[in-house]
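Here is a short report on how a protein holds its two ligands. Look over the sequence and the model before reading on.

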Amino acid sequence: MPSPCSSRTCAARRLRPNAGIRSRTTRRRPAVLNSDVQTEPRAARKVAVLGSGSWGTTFAKILADGGADVAMWARRPELAREISQSKRNSDYLPGINLPRSIWASSRLPEVLEGAEQVYVSVPAQSLRENLLIVRELIPADAIVISLMKGVEKGTRFRMSQVIDQELRIGADRVAVVSGPNLALEIAKEQPTAAVVSSQSLETATTVAMTATNPYFRSYVNTDVIGTEFGGVLKNLIAVAIGIVDGVGYGENTKASIITRGLVEMTDFAVAFGGRAETLAGLAGLGDLIATCESSLSRNNTAGRLLGQGYSFSDVVKQMNQTAEGLSSVAPILELALSKGVEMPIVSQVAEVLAGTLDPRDIAPHLTTDPMPQGE
Ligand SMILES: NC(=O)c1ccc[n+]([C@@H]2O[C@H](COP(=O)([O-])OP(=O)(O)OC[C@H]3O[C@@H](n4cnc5c(N)ncnc54)[C@H](O)[C@@H]3O)[C@@H](O)[C@H]2O)c1
Ligand SMILES: O=P(O)(O)OC[C@H](O)CO
């Protein structure tokens, strides 16, 4: 008999929470060892999502479709009402129906009460001020997860470092999620993978089991530095790709910039203690491909406008969603300088933003450097 409910979401609801993630080892286990596996349904995990923009809302849907009991925080009461009553977030995710179980509020205490995991998805430059507000409300023992892909200007801290500094909950209770994750595609339930990273493999695994459903698969690693920098740096390369697209250059230019961009990303992350293999994975190459190829990307879009001749201030005015790359360029170049890492593409993006380089002159190398280099 065919199932009366055939959508992926329905399939998720039929599954036990956490049943979607199975390691190869588990799959190969002999049946006798599985006999003591708990089969009783257990209470849904209560999680909170702070930030109701495109990614916060999409991630709330991922978690709810994986079986979690999700509460969202929206700054604007009218948005909280739309999410709770109409199960829509029409400004950020037009045409998407959210799971019925999701609710939202503009009042933080009720959103955070009893949350075992707190997912944060606000613009990177606003993270610290938001943590100051929620600090006393986050339940003891909750895991805090950054969904953001930026660095803080001034301190040049990664998001997990800001969380660590403001919440003082210990790095083992902090995780980050990154990967090729264009929100609208995932909200439409297109199959996607991401990586959850924490210094504690147990924490990463707990989060990955919660953030897994039939259309979204979370892998794990313990390279928080490489995972976070991958997400930040691909934004900068995507701005460069947008610029050359806006100028009208073709696939050779873009492929050259993507390939050399990955070298810059890897050199940078390794200099700060990240692992090269992380940059070859979902949080590096995977996200680089998605962001550079998609017109859904805000960073790519911002670059395209620059390439078409708009000034930086015009582009900022036109963007009504967060393009983290624009704020990350300066702190990333300051960090690169501190370790002697060369970043010709990111440096040229900074010059285009400053109005000192004609977008037509952006290239996969510094055009002022006449000497051939090893690839
Ligand atoms: N959209 C995506 O596809 C995607 C995917 C992966 C990661 N991310 C990352 O997630 C983070 C959030 O991005 P987004 O796409 O949700 O952005 P967005 O612009 O869609 O939404 C940002 C949300 O934060 C709120 N906000 C703005 N300023 C705030 C402040 N000062 N305090 C509190 N809330 C504030 C906005 O009202 C909005 O709800 C970024 O770091 C981004 O790089 C986005
Ligand atoms: O829209 P962007 O440029 O912020 O990119 C979104 C995601 O980071 C893609 O993985």
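## Helices around ligand 1

Two helices, α4 (54-65) and α7 (127-134), each supply at least two residues of the shell around ligand 1. The top contributor is α4, which gives three residues to that shell. Keep in mind that this model is predicted.

## The shell of ligand 1

There are 23 residues around ligand 1. S54, N130, A183, T322 and E324 come nearest. By class, the shell of ligand 1 divides into eight nonpolar, 10 polar and five charged residues.

## Polar contacts of ligand 1

S54 makes its contact through the backbone: a polar backbone atom lies 2.9 Å from an oxygen atom of ligand 1. E129 uses its side chain, where an N or O atom is 3.1 Å from a nitrogen atom of ligand 1. The side chain of R298 also takes part, with an N or O atom 3.0 Å from an oxygen atom of ligand 1. Taken alone, ligand 1 exposes 820 Å², and the protein buries 88% of that.

## The shell of ligand 2

Which residues are around ligand 2? They are K149, G179, P180, N181, L182, K234, D287, T291, L296, S297, R298 and N299. This shell has three nonpolar, five polar and four charged residues. Two helices, α14 (282-293) and α15 (298-307), each supply at least two residues of the shell.

Domain 1 (8-20 + 43-222) and domain 2 (226-361) both give residues here too, so ligand 2 lies between them. The space taken by ligand 2 is the largest pocket.

## Polar contacts of ligand 2

D287 brings a polar side-chain atom to 2.5 Å from an oxygen atom of ligand 2. For R298, an N or O atom in the side chain is 2.5 Å from an oxygen atom of ligand 2. On its own, ligand 2 has 300 Å² of accessible area, and the protein covers 91% of it.

Look for R298. Its side chain has an N or O atom 3.0 Å from an oxygen atom of ligand 1. That side chain also has an N or O atom 2.5 Å from an oxygen atom of ligand 2.

Conventions:
Residues numbered from 1 in each chain as written. Chains lettered and ligands numbered in written order. Predicted model: local features only at pLDDT ≥ 70, side-chain atom pairs only at ≥ 80, totals over all residues. Heavy atoms only, no water. Near = heavy atom within 4 Å. Polar contact = N/O pair within 3.5 Å; in protein donor to acceptor, adjacent residues only side chain to side chain. Areas by Shrake-Rupley, 256 points an atom, 1.4 Å probe, with all protein chains shown as cover. 1 Å grid on protein atoms, 1.4 Å probe; cavity = no way out; pocket = protein on both sides within 12 Å on 5 of 7 lines; lining within 4 Å. Sits in = over half its atoms within 2 Å of the grid points. Helix = DSSP H or I, 4+ residues; strand = E, 2+ residues; numbered from the N terminus. Nonpolar A, V, L, I, M, F, W, Y, C, P; charged D, E, K, R; others polar. Domains from an automatic or database assignment.
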